[in-house]
Amino acid sequence: MAIAKQPVVVLDAPDAAELAEFYGQLLDWKVAVEEDGTWAEVTSDSWPPLCIQQVEDYHAPSWPGQAHPQQMHLDVIVDDLDVAEESVLEIGAGKAPEQPGETFRVFLDPAGHPFCLCKG
């Protein structure tokens, strides 16, 4: 018997609403932000939500360095890396200076979390 169920991923951010809007656009999912703006959920009809919590004194992860370890990251599958790259840059992502692979590309979301576009 499970001790718990339905885990979700929660990302820290300096601005919960801004980061939720970014992931809502990236995934074409719905965004709901709590009234006080400190919690947001990005949801679809078929996957668990991606949750964002606003934290004071936020420190973005450093990648690939470990001054502020990334601890986790998201991989998202895309059909075309070049098309997807252009699109994520348009909605506010930054491209990481170091690109260690050929079948994926590393980007930073608006709060500095690394995420990868992976060729499907």
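Is alanine 16 buried or exposed, and what is its relative accessibility? At 0% relative accessibility, alanine 16 counts as buried, where buried means under 20% relative accessible area, exposed means over 50% and partly exposed is in between, with a 1.4 Å probe and protein chains only.

**Before you start**

The model in your viewer is predicted, so local features need pLDDT of at least 70 and side-chain atom pairs count only at pLDDT 80 or more, while totals for chains, interfaces and linings use all residues. Residues are numbered from 1 along each chain as its sequence is written, and side-chain values use heavy atoms, with hydrogens and water left out.

**Stop 1: alanine 16 and the annotated stretch**

Select alanine 16, which lies in helix 1; helices (H or I, at least four residues) and strands (E, at least two) are DSSP runs numbered from the N terminus.

**Stop 2: the largest pocket**

Rolling a probe the size of a water molecule over the atoms shows where empty space is left. Here a pocket is an open set of points on a 1 Å grid over the protein atoms alone, where a 1.4 Å probe fits and protein lies on both sides within 12 Å along at least five of seven lines, and its lining residues have an atom within 4 Å of a point. Grid points are joined across faces, edges and corners, and a volume is the space filled by probe spheres set on the points.

Select Pro7, Val8, Val9, Leu27, Trp29, Trp47, Pro48, Pro49, Leu50, Leu74, Asp75 and Val76 to show the lining of the largest pocket, which has a volume of about 340 Å³. Strand 5 (residues 74–78) gives the largest share of this lining, three residues. By class, the lining has 11 nonpolar residues, no polar ones and one charged residue, with Ala, Val, Leu, Ile, Met, Phe, Trp, Tyr, Cys and Pro counted as nonpolar, Asp, Glu, Lys and Arg as charged, and the others, Gly among them, as polar. Domain 1 (8–57) and domain 2 (59–119) each supply at least three residues to the lining of the largest pocket, the domain bounds being taken from an automatic or database domain assignment.

**Stop 3: the second largest pocket and histidine 113**

Move on to the second largest pocket, with a volume of about 260 Å³; of the 14 residues that line it, Asp12, Tyr58, Pro61, Gln71 and His113 are the closest to its centre. The lining of the second largest pocket has eight nonpolar, five polar and one charged residues. Because domain 1 (8–57) and domain 2 (59–119) both give residues to this lining, the second largest pocket lies between them.

Centre the view on histidine 113, in the loop between strand 7 (104–108) and strand 8 (114–119); at 10% relative accessibility, histidine 113 counts as buried. Its side chain and that of tyrosine 58 are joined by a polar contact of 3.1 Å, meaning a pair of N or O atoms within 3.5 Å, of which, within protein, one must be able to donate a hydrogen and the other to accept it, and residues adjacent in sequence count only if both atoms are side-chain atoms. A polar atom of the histidine 113 side chain also lies 2.8 Å from the backbone oxygen of aspartate 12.

**Stop 4: backbone details**

Most residues other than glycine have a negative phi, and most peptide bonds are trans. Select glutamine 71, in the loop between strand 4 and strand 5, where phi is near 65 degrees, a positive value in a residue other than glycine; glutamine 71 is exposed, with a relative accessible area of 74%. Proline 64 lies in the loop between strand 4 (50–54) and strand 5, and the peptide bond from tryptophan 63 to proline 64 is cis, with omega near 5 degrees. Finally, select aspartate 28, in the loop between helix 1 (16–27) and strand 2 (30–33), whose phi is near 60 degrees and which counts as exposed at 70% relative accessibility.
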